[in-house]
Amino acid sequence: VVVYKVDRLSRSIMDFHNMMKEFDKYGCNFVSITQAFDTSTSMGKLTLNMLLSFAQFEREVSSERVRDKISASKAKGLWTGGIPKLGYDIKDKKLIINETEANHVRYIFESYLNCDSISELEKIVKNKEIKHKCWITSKGERKGGKPLKTSALHRMLHEKLYLGMIENKRTGQVFKGQHEAIITKDL
């Protein structure tokens with residue numbers, strides 16, 4: 001197995017050692033073109049472990065930075081991306097109310113208050129032919145548009161986005177969003 005650098009194969013020490021066991025089992029050699037080490041000696045193994053430790057450290061620090069950046073964006077009430085929710089369109093990385101879909105969202109919340117049952121709500125929504133948000137991906141693929149099932153309706157009824165809030169699900173914190181609410185807090 002030939003790689004440019006060790007961290008191109010793996011940035012996890014445990015994964016790398018598991019791969020090395022498999023390589024040894026089949027008599028396979030491992031070579032990094034830009035890094036000189038010989039795993040047949042203890043010094044070579046030490047060098048390899050040090051390189052892997054730094055690679056894993058770099059991966060973990062990068063992940064922390066991304067998580068911190070997302071948390072900071074959510075604290076500012078910014079939409080951080082993902083699948084668009086029914087009732088909103090995304091324009092210039094911001095959530096903009098889609099009035100037709102927003103009426104569907106309000107109808108779903110109001111209908112739930114009247115029937116007080118998710119399974120009954122699913123029937124009502126099916127009869128009204130309200131479906132998941134339909135959108136076009138950046139690659140031009142059409143996504144969504146399927147019927148709303150019980151689990152999706154349950155998630156929707158708990159979605160703080162519709163109150164004009166942004167939730168950091170990792171920390172459980174909720175912040176005032178930079179988008180307009182579709183439903184009132186009372187609803």
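**Exercise 1.** State which helix holds Met-20, and whether Met-20 is buried or exposed.

*Solution.* Step 1: Met-20 sits in helix H1, residues 13–25. Helices (H or I, at least four residues) and strands (E, at least two) are DSSP runs numbered from the N terminus. The model is predicted: local features need pLDDT of at least 70, side-chain atom pairs count only at pLDDT 80 or more, and totals for chains, interfaces and linings use all residues. Residues are numbered from 1 along each chain as its sequence is written, and side-chain values use heavy atoms, with hydrogens and water left out.

Step 2: the relative accessible area of Met-20 is 13%. Met-20 is therefore buried (under 20%; exposed is over 50%, partly exposed in between, with a 1.4 Å probe and protein chains only).

**Exercise 2.** Find how far Met-20 is from Tyr-107 in sequence and in space.

*Solution.* Along the sequence, 87 residues separate Met-20 and Tyr-107. In space, the C-alpha to C-alpha distance between Met-20 and Tyr-107 is 58 Å.

**Exercise 3.** Describe how strands E7 and E8 are joined.

*Solution.* Step 1: locate E7 at residues 165–168 and E8 at residues 173–176.

Step 2: the two strands run antiparallel and are joined by 4 bridges; pairing requires at least two bridges found by DSSP.

Step 3: opposite Glu-167 stands Val-174 in E8.

Step 4: E7 and E8 make a hairpin, with 4 residues between them. In the turn, Gly-172 has a positive phi of about 80°.
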